[in-house]
Amino acid sequence: MARIAVVRDGPLAVITLADPAGRNVLSDAMLEELAHALAAAQADAGVRAIILAAEGPVFSAGHDLRALKALSATSGSHEPPDEGPDEEPDGRALRLFARCAAVMRMLAEGPLATIAAVEGVATAAGCQLVASCDLALAGADARFATPGVAIGLFCSTPAVALTRTAGRKAAMEMLLTGEMIDAHAAAAIGLVNRVTAPGQALSQAMELGRRVAAGSADAIARGKRLMAAQACLDLAAAYEVAGRAMALDLMTPDATEGIDAFLARRPARFAPRAPGAG
């Protein structure tokens, strides 16, 4: 059964989580299909932006708790880990979280702009999906939570994306309380860019995607790399890296065309995106 649906709409690849009966959980199968769909979109020269949407009332409930419980049940000891240097977690759990992290990095670090269109509930790793996208729009009825503490888990992997998106204080409140926040609260902390009327997140995300797609694909790919590189640096180092990036950008054909077009007051004609570029 396919858990992902992909539709091309001009320069947009609309990737939809399509397992509403299963609450769009990020099972091994879902992650594998999502990774394949993202890779295919990134390899397609005609795609300029990716929209991530979902079917049903739950955008994504995160990891499959039944699968996680099965891993725990077959891992041997149920004694609390001593967290010493010799303590090793179950290898299958490590592989699952590594696979999930790879998908999140494809969204955050890939060459294409990624836009989440959220309707309904996004929890735990489902909230992580939203935080990993470059942009996010949420219907007014959307809600978000990282509720691991309620079941004895800290949402450690969602915390990585959430902290980078919403900031430490706002992220820690979500992570420590596990409480649900509404779409407007999510916008206030920067988890989503803006709130739409209920049911309008996808159409407005596609409109935003078309505006993004009109820009230079090369500049967007370079810009995403720069944003990731400078985020972990101190101010002086960040400006050094950004200054070098801008100087290199000035040497690109798209920059030459864009500046010439601006000075001539005509639309820019940017180069087509090379397949898999970025």
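These legends walk you through close-up views of a predicted model.

**View 1. Helix 3 beside helix 4.** Here helix 3 (residues 91-109) meets helix 4 (residues 125-132), with axes that come within 8 Å and cross at roughly 25 degrees. Angles under 35 degrees count as roughly parallel, so helix 3 is roughly parallel to helix 4. Look for Cys 100, Met 104, Leu 107 and Ala 108 on helix 3, which meet Ala 125, Gln 128, Leu 129 and Ser 132 on helix 4. Sorted by class, this contact has 6 nonpolar and 2 polar residues, with no charged ones.

**View 2. Helix 1 beside helix 3.** Helix 1 (residues 28-43) packs on helix 3 at an angle of about 30 degrees, and their axes are 10 Å apart. The two helices are therefore roughly parallel to each other, and the crossing is left-handed. From helix 1, the contact uses Asp 28, Leu 31, Leu 34, Ala 35, Leu 38, Ala 39 and Gln 42; from helix 3 come Leu 96, Arg 99, Cys 100, Val 103, Met 106 and Leu 107. The tally here is 10 nonpolar, 1 polar and 2 charged residues.

**View 3. The largest nonpolar core.** This core holds 53 residues, and those touching the most other members are Leu 34, Leu 52, Val 118, Leu 129, Val 130, Phe 144 and Leu 191. Helix 3 is the top contributor, giving 7 residues.

**View 4. Around Leu 129, and a second core.** Leaving aside residues up to four places away in sequence, Leu 129 touches Leu 17, Leu 26, Leu 34, Leu 52, Phe 59, Ser 60, Met 104 and Leu 107. A separate second core has 12 residues, among them Leu 12, Ala 117, Leu 137 and Ala 205.

Conventions. Residues are numbered from 1 along each chain as its sequence is written. This is a predicted model: local features need pLDDT of at least 70, side-chain atom pairs count only at pLDDT 80 or more; totals for chains, interfaces and linings use all residues. Side-chain values use heavy atoms; hydrogens and water are left out. Axes are lines fitted to C-alpha atoms, for helices over the stretch in contact, and angles run from 0 to 180 degrees between N-to-C directions. Helices (H or I, at least four residues) and strands (E, at least two) are DSSP runs, numbered from the N terminus. Angles under 35 degrees count as roughly parallel, over 145 as roughly antiparallel, 65 to 115 as roughly perpendicular and the rest as oblique. Contact means heavy atoms within 4.5 Å. Ala, Val, Leu, Ile, Met, Phe, Trp, Tyr, Cys and Pro count as nonpolar, Asp, Glu, Lys and Arg as charged, and the others, Gly among them, as polar. A crossing is left-handed if the near helix is turned anticlockwise from the far one by less than a right angle, and right-handed if clockwise. A nonpolar core is a set of buried Ala, Val, Leu, Ile, Met, Phe, Trp, Tyr and Cys residues joined through side-chain atoms within 4.5 Å. Buried means under 20% relative accessible area, exposed over 50%, partly exposed in between (1.4 Å probe, protein chains only).
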